[in-house]
Amino acid sequence: MQLERPYFPIIYVRGYAMTGGEVENTVADPYMGFNVGSTKLRQRYPRSVVRHIFESPLVRLMKDEGYRDTFADGAEIPDGAELSSRSVFIYRYYDDASKELGRGTRGEIEGYAQGLLELVNTLHDRYAPGDRAQHGAQTDAFRVYLVAHSMGGLICRSLLQQLSRNDRRIDKVFTYATPHGGIDLRGIGNVPGFGFNQSDTFHETRMREYLSLATDTPVNSLDGAFPEERFFSLVGTNHDDYGLAKYAVGPMSDGLVRIPNAYVADTPRAFVHRSHSGHYGIVNSEDGYQNLRRFLFGNVRVDAFLDVQELMLPPAVQEQKDRGYAIRADYLIDVVARVRGARWDLHRRTNDEGSAVLVDYDKHVRARQPLHLASVFLSNAARVDTDRPTLGFSLDIGVQVPEYLVDGVPFWKRDHYDGGFLFRDKVNLEAFLAPGTGWSLRYGWDTHGPNAVHHSAAAENPLPESWVFEVPVMQDTRPGIRAVLRLETRPWNND
C-alpha cells in the first residue's frame with residue numbers, strides 16, 4: 001500500500017495504571033481511553049463550567065481526517081484484512097498485567113518498549129511486505145505516528161533511545177503530559193524509586209537505564225536518537241482539577257507532572273490549561289486535539305520569539321540605579337496563541353495559572369538571547385473560513401511590572417499597583433502563501449482596532465523555504481519595553 005504524507009497510521013500508547021483495578025478498567029476498554037471525550041469546558045472567569053462537546057481524539061480523527069480503527073470480528077488486526085493508511089492502532093501493553101486477560105504481572109518499561117517495536121514491525125510487514133527484510137528500519141516505504149499519554153511517552157522514548165535509534169519508520173511523536181523529566185513531589189524532589197507498581201519508572205536513575213542516557217546528559221534529552229523538530233510535547237498547567245496527587249505535586253503542574261518536567265528539551269511544545277486526566281484532562285480536550293491535528297497534518301510551522309532590546313525602569317527605581325544601587329527584577333510574560341474563529345487556546349501561558357514565561361534579565365536582555373514564546377502549527381484544512389486564503393491566528397502578549405529589588409530589598413510598594421503591565425496587547429496575524437514568491441504577513445494590534453490587521457511585515461528569507469517576520473513591540477513609558485516579536489515561518493509536512 002502506498003503511504004503518502006501526511007496521512008500515516010497512528011499508534012496510541014496510553015499512560016500509567018497504578019492499581020490492579022485501574023489495570024482491569026484499562027484493558028476492558030478497546031481504545032484504552034483514546035475514545036474518552038468531554039462535555040465540560042472550564043471558563044477562565046469565574047471558573048464556572050460551560051457545556052462544550054468534545055467527542056474524543058479518536059472520534060474527531062475519524063470525522064475530521066477520515067481515520068478509523070482496525071477492529072473486526074473480535075480481532076485487533078485481522079489476518080488478510082486490508083489496512084488503510086488512515087488507521088488508528090491501540091498498543092495494548094497492559095493486557096498481560098490483567099488477571100483476567102493475561103498473567104496478572106506487570107512488566108518493565110523495556111519490555112513495553114520491545115512490544116511497541118514488535119507492533120511497528122508487524123505493521124511494517126502488513127503495509128510494505130518484504131520491505132523490512134530488505135531495508136530494516138531505514139525504509140522509505142513505511143511510516144507511522146506515535147501518540148502517547150503520560151508514561152506512554154516514556155515507552156516511546158525507550159523504543160527510540162534504547163532499542164531503535166534513528167528509526168526512520170517513526171515519522172513523528174506527540175506526547176500528552178509525559179513526565180519527560182520524571183515526577184517530583186513537594187518537599188521530596190524526584191519520586192522515590194521504591195519500585196511499587198513500577199513507580200520507580202519516574203525516578204531519574206531508573207529513567208537513565210531505559211533511555212540509555214549518560215549521567216551528564218539531561219534526562220529529558222533525546223540524545224540524538226530522534227529528530228527534535230518531529231517530537232511534540234503538550235504540557236498541562238491545571239493542577240486544581242486533578243485528584244489527590246495534586247497536593248503532593250503542587251502548583252505549576254497538571255496535578256501530577258510539574259511543568260518543567262513535561263517536555264523534551266529543544267523540541268516544539270505547547271502549554272494548555274488542562275489537568276493530567278479526568279473531566280478536564282489534557283487528552284480528552286479540544287486544546288489537545290487541535291495541537292495534535294495541526295502537528296500531524298498541518299502545513300505551516302511558526303516559532304514566535306521575543307527579542308527584548310530594553311526594559312525601562314520606573315523613575316524612582318531608575319534613580320536608585322543611577323546612584324549605583326544594584327537592581328534586580330523577575331519579569332513574567334503572559335502569552336496566549338489562538339486561531340481565527342476558535343473558542344479554545346492553542347497555547348496558553350499566564351502568571352495567574354502559574355505558567356508564565358520567565359525573563360532572565362542577564363540572559364535575555366543584557367546578553368540578547370532570544371526568548372521563545374510559542375511554537376504554533378497551522379493547517380489550511382483546519383481553517384474556519386475555507387473561502388479565505390489566509391491563515392489567521394493571534395498572540396495575546398502581556399509583560400507584567402515586576403517587584404523590583406534595590407540591593408536585595410523590595411522596592412515595589414512605592415508607586416506600585418500589583419497586576420500592572422509594561423505591555424499588554426493582542427496582535428492579530430494573517431499569513432498568506434503566494435505561489436512562487438513565498439509567505440507574506442499582515443498584522444494589527446487590538447489597541448488600533450480589535451481583531452483587525454493594518455500593517456504588512458517585511459520578510460527575510462534566511463534559509464530556503466523559510467521566512468522571518470518582525471513586528472515591533474513597544475511601550476515607550478517608564479516602566480516600559482522595547483522589543484521585537486520575531487516570527488520564524490516554514491513549511492511543514494512538505495518532505
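The model is predicted, so local features need pLDDT of at least 70 and side-chain atom pairs count only at pLDDT 80 or more, while totals for chains, interfaces and linings use all residues. Residues are numbered from 1 along each chain as its sequence is written, and side-chain values use heavy atoms, with hydrogens and water left out.

**Stop 1: the 7-strand sheet**

Select β4, β5, β1, β6, β7, β10 and β11. They form an open sheet of 7 strands in that order, with parallel pairing. (Strands are DSSP runs of E, at least two residues; helices are runs of H or I, at least four; both are numbered from the N terminus. Two strands pair if DSSP finds at least two bridges between them.) Now go to the edges, β4 (68-69) and β11 (269-272). Each has a single partner strand, so one side of each is left without a neighbour in the sheet. Return to β4: 2 bridges join it to β5 (residues 87-91), running parallel. Pick out R68, which stands opposite S87 in β5.

**Stop 2: two helices**

Select α3 (residues 109-127) and α5 (residues 151-163). Their axes lie 8 Å apart, at an angle of about 75°. (Axes are lines fitted to C-alpha atoms, for helices over the stretch in contact; angles run from 0 to 180 degrees between N-to-C directions.) The two are therefore roughly perpendicular (65 to 115 degrees). Show side chains. Residues including I109, Y112 and L116 in α3 meet a set in α5 that includes M151, L154 and L159.

**Stop 3: the 3-strand sheet**

Select β13, β19 and β20. This open sheet has the order β13-β19-β20, with antiparallel pairing. Its edges are β13 (327-328) and β20 (409-410). 2 bridges join β13 to β19 (residues 405-406). Find R328; its bridge partner in β19 is L405.

**Stop 4: the largest pocket**

Select R14, Y16, Y242, H276 and S277. Of the 39 lining residues, these are the closest to the centre of the largest pocket. (On a 1 Å grid over the protein atoms alone, a pocket is an open set of points where a 1.4 Å probe fits, with protein on both sides within 12 Å along at least five of seven lines; lining residues have an atom within 4 Å of a point.) The pocket holds about 1,000 Å³ of space, the volume filled by probe spheres set on the points, which are joined across faces, edges and corners.

Terms used:
Angles under 35 degrees count as roughly parallel, over 145 as roughly antiparallel, 65 to 115 as roughly perpendicular and the rest as oblique. Contact means heavy atoms within 4.5 Å.
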